[in-house]
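Take a moment to turn the model around before you read on. We will walk through it together, one region at a time.

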Amino acid sequence: MQSSFFRRLALPAIVVAVLSLAAPLVLPLAASAQDDAAASTAVARIDALSGDVAIQRGDADDTLAAVPNAPVLGADYVTTGPDGRAEVGFDGRSAVRLGENVQIRFAGVDPSDRQLQLAAGTIDLRLFGDTDGRSAIDTPSISVVPRTAGSFRVSVDADGE
């Protein structure tokens, strides 16, 4: 009777010992998988702003007042008011400046697939390096795809042209 009692105590002790030896091997793999997922999610940031600037998340109906360093994700909308201006930085090599009364959707902010959809207002896309056509600005009437570094100003008037 005593031997079965000790066997019942020994089995959980063995399981605990095996799990404690396996945990250091499994936990770093789980952490690196989370790091890889986080690294693949591109984020732009509000670098500077003045006046009325708002962000609407692509998956929400709420509009939030923008603040410096606020994240801008793919599918997010950014709007500026009559006195609003903002600069959204993608990385150390590119940014877009938003003028007054801008309505823009950041369809993609990943460096390999940067897509901006301008509905109204004037923006200035600044690219400080070779782009290889990885950035595009879509408007209701045309699409602009810069092929070289530079500053590209695009405006959409009240008629959508």
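Predicted model: local features only at pLDDT ≥ 70, side-chain atom pairs only at ≥ 80, totals over all residues.

Residues are numbered from 1 along each chain as its sequence is written, and side-chain values use heavy atoms, with hydrogens and water left out.

Now for the overall plan. The chain has one helix and 12 strands; here helices (H or I, at least four residues) and strands (E, at least two) are DSSP runs, numbered from the N terminus. Among the contacts in the chain with a separation of 6 or more, 43% join residues 24 or more positions apart.

How much of the chain is buried? Of its 161 residues, 30% count as buried. Buried means under 20% relative accessible area, exposed means over 50%, and partly exposed covers what lies in between (1.4 Å probe, protein chains only). The chain exposes about 9800 Å², and carbon and sulfur atoms supply 57% of that area. Such areas come from the Shrake-Rupley method with a 1.4 Å probe, and for residues only the protein chains shown count as cover.

Next, look inside. A nonpolar core is a set of buried Ala, Val, Leu, Ile, Met, Phe, Trp, Tyr and Cys residues joined through side-chain atoms within 4.5 Å. The largest nonpolar core here has 26 residues, and those with the most contacts inside it are Val96, Ile104, Phe106, Leu116 and Ile123. At least two residues of this core come from each of β1 (44–50), β2 (53–56), β6, β7, β8 (103–110), β9 and β12 (150–156). The largest share, five residues, comes from β9.

Ile123 lies in strand β9, and it counts as buried because its relative accessibility is 1%. Leaving aside its neighbours within four places in sequence, Ile123 is in contact with Val96, Arg97, Leu98, Val102, Ile104, Leu116, Leu118, Ile137, Phe152, Arg153 and Val154. Ile123 and Gln103 are 20 residues apart along the chain, and their C-alpha atoms are separated by 9.8 Å.

Not counting residues up to four places away in sequence, Phe106 touches Val72, Leu73, Gly74, Ala75, Asp76, Val78, Val88, Phe90, Val96, Gln115 and Leu116.

On a 1 Å grid over the protein atoms alone, a pocket is an open set of points with protein on both sides within 12 Å along at least five of seven lines, and lining residues have an atom within 4 Å of a point. The largest pocket has a volume of about 180 Å³; grid points are joined across faces, edges and corners, and a volume is the space filled by probe spheres set on the points. Its lining is made of Arg85, Ala86, Glu87, Arg97, Leu98, Gly99, Thr122, Ile123, Asp124, Arg126 and Arg153. Strands β6 (85–91), β7 (94–98) and β9 (113–127) each supply at least two of the lining residues, and β9 gives the most, with four. By class, the lining has three nonpolar, two polar and six charged residues. Ala, Val, Leu, Ile, Met, Phe, Trp, Tyr, Cys and Pro count as nonpolar, Asp, Glu, Lys and Arg as charged, and the others, Gly among them, as polar.

Finally, turn to some loops. Most residues other than glycine have a negative phi. Asn69, however, has a positive phi of about 75 degrees. Asn69 sits in the loop between β3 (63–65) and β4 (71–72) and counts as exposed because its relative accessibility is 52%. Ala75 also has a positive phi, near 85 degrees, and its place is in the loop between β4 and β5 (76–80).

Technical notes:
1 Å grid on protein atoms, 1.4 Å probe; cavity = no way out; pocket = protein on both sides within 12 Å on 5 of 7 lines; lining within 4 Å. Contact = heavy atoms within 4.5 Å.
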